[in-house]
Amino acid sequence: MATKKKPFPQNKRSGAEEKPKSTADYYKLKTQAVEDLVSANAENSPPVSQKELRKYHAQKKLTMADWVKAVLLKIWFAGIVCYFILWGLGPYLLNQWDMLLVVGVALGVVTDLITNNVFRFIAKPAGANDRFMMFPQKAFWTLPLNLIYALVLLVLVVMTYNGINTLFAGPEGKTVLGVEPILFGVFTMGWDMLFIGCRHMAKNMVGDAKKSVGNERK
């Protein structure tokens with residue numbers, strides 16, 4: 001004899017049976033929340049810290065500090081200039097001063113049009129890599145400044161090579177350190193970062209002096 005299955009007991013609150021929900025109840029939309037989401041923009045959205053945003057990005061196995069990226073990029077692009085210009089045009093430009101002028105101009109153009117733009121492109125957030133550029137402003141007048149600055153860096157790099165060869169010269173005065181892309185990039189990057197560090201230090205000193213003067217007047 002088959003037994004009848006008892007229906008599942010219904011949840012009761014205060015002795016009253018719960019009213020069954022209709023299909024429409026499950027699809028009720030929060031209209032205000034939808035409107036807030038659609039109309040969200042940078043002006044009416046609350047600020048969110050970078051630490052919070054990183055939680056929703058894919059975690060990379062290997063992270064590299066910004067200053068390491070800056071050092072490698074500066075070495076890389078300066079080494080490219082050495083390889084293609086200094087080595088490439090070496091057999092054709094026999095005059096040393098002409099060669100230095102061409103290399104300096106090429107280094108300044110690459111710095112202004114390529115290296116600095118790469119820094120701006122990979123910066124997170126925007127402007128985070130400005131501290132690694134001598135002239136971070138994006139304007140037409142930075143090109144001549146970078147040309148002059150690159151010539152100064154090149155002269156210092158040549159003096160570095162000459163100083164090392166003079167200091168460690170053999171008994172016959174042979175050159176112990178020739179010009180090649182990697183060390184050329186390292187020396188160029190080193191002098192560049194030294195000047196950028198001095199600029200930041202001078203800027204901070206001027207800012208502190210202005211603050212102290214303002215506090216005294218108050």
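Predicted model: local features only at pLDDT ≥ 70, side-chain atom pairs only at ≥ 80, totals over all residues.
Q: Why is Leu-156 called buried?
A: Its relative accessible area is 16%, and buried means under 20%, with exposed over 50% and partly exposed in between (1.4 Å probe, protein chains only). So 16% falls under the cut-off. Numbering starts from 1 along each chain as its sequence is written, and side-chain values use heavy atoms, with hydrogens and water left out.

Q: What does Leu-156 touch, not counting residues up to four places away in sequence?
A: Leu-156, found in helix α5, touches Trp-191 and Phe-195. Contact here means heavy atoms within 4.5 Å. Leu-156 and Trp-191 are 35 residues apart along the chain, yet their C-alpha atoms are separated by 7.5 Å.

Q: How many helices and strands are there in the protein?
A: There are 6 helices and 2 strands, running β-β-α-α-α-α-α-α from the N terminus on. Both kinds are DSSP runs numbered from the N terminus: helices are H or I with at least four residues, strands are E with at least two. Of the 218 residues in the protein, 23% are buried.

Q: What makes Asp-66 and Arg-131 a salt bridge?
A: Their closest N and O atoms are 3.7 Å apart. A salt bridge needs a side-chain nitrogen of Lys or Arg within 4 Å of a carboxyl oxygen of Asp or Glu, so 3.7 Å passes. Asp-66 lies in helix α3 (residues 66–87) and Arg-131 in the loop between α4 and α5, so the pair ties together parts that are 65 residues apart in sequence. Asp-66 is partly exposed, at 31% relative accessible area, and Arg-131 is partly exposed too, at 39%.

Q: Which residue does Asp-192 meet in a salt bridge?
A: Lys-74, at 2.6 Å from N to O. This pair links distant parts of the chain, with Asp-192 in helix α6 (residues 181–217) and Lys-74 in helix α3, 118 residues apart. Asp-192 and Lys-74 are both buried. The structure holds 2 salt bridges.

Q: How do you know that Asp-112 has no salt bridge?
A: The nearest side chain of opposite charge, Arg-120, is 6.1 Å away. Lys and Arg count as positive, Asp and Glu as negative, and His and the chain ends are not counted.

Q: What does the side chain of Asp-112 make a polar contact with?
A: The side chain of Asn-146, at 2.7 Å. A polar contact is a pair of N or O atoms within 3.5 Å; within protein, one must be able to donate a hydrogen and the other to accept it, and residues adjacent in sequence count only if both atoms are side-chain atoms.

Q: Why are Tyr-83 and Trp-87 called a tilted pair?
A: By the ring rule the count comes to 6 aromatic pairs. Tyr-83 and Trp-87 have 5.9 Å centre to centre and 50° between the planes. Rings of Phe, Tyr and Trp (its six-membered ring) pair if their centres lie within 6.5 Å; planes under 30 degrees apart are stacked, over 60 edge-to-face and the rest tilted. So 5.9 Å makes a pair and 50° makes it tilted. Both residues lie in helix α3, 4 residues apart, about one turn of the helix.

Q: What makes the Tyr-161 and Phe-187 pair edge-to-face?
A: The planes are at 80° with centres 5.1 Å apart, so the pair is edge-to-face. Tyr-161 in helix α5 and Phe-187 in helix α6 are 26 residues apart, linking distant parts of the chain. Both are buried.

Q: How do you know that α6 spans close to the expected length?
A: α6 has 37 residues and reaches 54 Å from its first C-alpha to its last, close to the 54 Å expected. The expected span is 1.5 Å times one less than the number of residues. The buried residues of α6 pack against α3, α4 and α5.

Q: What caps the N-terminal end of α6?
A: Glu-180 does, with a side-chain oxygen 2.9 Å from the backbone nitrogen of Ile-182.
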